[in-house]
Amino acid sequence: MKKLLVIFGLMLSVLACKTEDKKTEVKEVENEVVNYTSIGDEITADGARSTSDMAEAYKSMSIGDTISTKMIGKVDEVCQSKGCWMKVNLEDGNQVMVKFKDYGFFMPKDIAGKEVVLNGKAFVNEVPVDEQRHYAEDAGQSSEDIAAITEPKKTFSFEADGVLLKGE
């Protein structure tokens, strides 16, 4: 029985630490070559909506509304525990909380300030207090800041099935 538990534990460790095959896409934008690293499903940058366009789309959505889309934006923060979520700046004072489809891939933890292209579903939801506190803890916020979270919050969200990370 102990052997089975040890084997099961090792299998979980391997699965939890799996890495995605990352591919690179090269795109020429106005005579400038842009290199992207592909994470998750393979996507292209073609047709990605700007942050201002997405900000307008989100403003017209209600809780529960969903649209399939692709957007480009700049990362504000990333989960410092595993890279299992990130926040993207909409440049209108709002952020988009991005999670990854089926918890299938994670982002590097050091990409704040970098440009990404997201493909997936944009939606508006209400995040309960306990979930907000979990994200605040992942982000390394103080216990006082975490305790100050006392009400559900309407958020702009995105479930990405593929991400392009802009290279240097």
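Glu77 counts as partly exposed because its relative accessibility is 23%. Here buried means under 20% relative accessible area, exposed over 50%, and partly exposed in between (1.4 Å probe, protein chains only). Lys87 is buried, with a relative accessible area of 18%. The two residues form a salt bridge, that is, a side-chain nitrogen of Lys or Arg within 4 Å of a carboxyl oxygen of Asp or Glu. Glu77 lies in strand E3 and Lys87 in strand E4, so the pair ties together parts that are ten residues apart in sequence. Helices (H or I, at least four residues) and strands (E, at least two) are DSSP runs, numbered from the N terminus.

The model is predicted: local features need pLDDT of at least 70, side-chain atom pairs count only at pLDDT 80 or more, and totals for chains, interfaces and linings use all residues. Residues are numbered from 1 along each chain as its sequence is written, and side-chain values use heavy atoms, without hydrogens or water.

**Salt bridges**

The structure holds five salt bridges. Three of them are tabulated with their closest N and O atoms.

| Pair | Closest N–O distance |
|---|---|
| Lys59–Glu56 | 3.8 Å |
| Lys59–Asp92 | 3.7 Å |
| Glu77–Lys87 | 3.9 Å |

Lys59 and Glu56 both sit in helix H2, three residues apart, about one turn of the helix. Both are exposed. The Lys59–Asp92 pair links distant parts of the chain: Lys59 is in helix H2, Asp92 in the loop between E4 and E5, 33 residues away. Asp92 counts as partly exposed, because its relative accessibility is 31%. Shared partners join Glu56, Lys59 and Asp92 into one salt-bridge network.

**A buried lysine without a partner**

Lys70 belongs to strand E3. Lys70 is buried yet has no salt bridge. Which side chain of opposite charge is nearest to Lys70? Asp46, 6.4 Å away. Charges are assigned simply: Lys and Arg are positive, Asp and Glu negative, and His and the chain ends are not counted. The Lys70 side chain reaches the backbone oxygen of Asp46 at 2.9 Å. A polar atom of that side chain also lies 2.9 Å from the backbone oxygen of Thr44. Leaving aside neighbours within four places in sequence, Lys70 is in contact (heavy atoms within 4.5 Å) with residues including Ala45, Arg49, Val117 and Asn119.

**Strand pairing**

Two strands pair if DSSP finds at least two bridges between them. E3 (residues 66-78) and E6 (residues 115-127) are antiparallel, over nine bridges. In this pairing Ile67 stands opposite Ala122. E6 also runs antiparallel to E7 (residues 153-166), joined by twelve bridges. There, Glu126 faces Lys154.

**The core**

A nonpolar core is a set of buried Ala, Val, Leu, Ile, Met, Phe, Trp, Tyr and Cys residues joined through side-chain atoms within 4.5 Å. The largest one has 26 residues; Tyr58, Met86, Val98, Leu118, Phe158 and Val163 touch the most other members. Helix H2, E3, E4, E5, E6 and E7 each give two or more residues to this core. E7 gives the most, with five. Beyond its neighbours within four places in sequence, Val98 is in contact with Trp85, Met86, Val88, Leu118, Phe158 and Ala160.

**Helix H3**

The buried residues of H3 (residues 129-138) are Val129, Gln132, Tyr135, Ala136 and Asp138. They pack against E4, E5, E6, helix H4 and E7. Just after H3, Gly140 takes a positive phi of about 85°.

Key. Polar contact = N/O pair within 3.5 Å; in protein donor to acceptor, adjacent residues only side chain to side chain.
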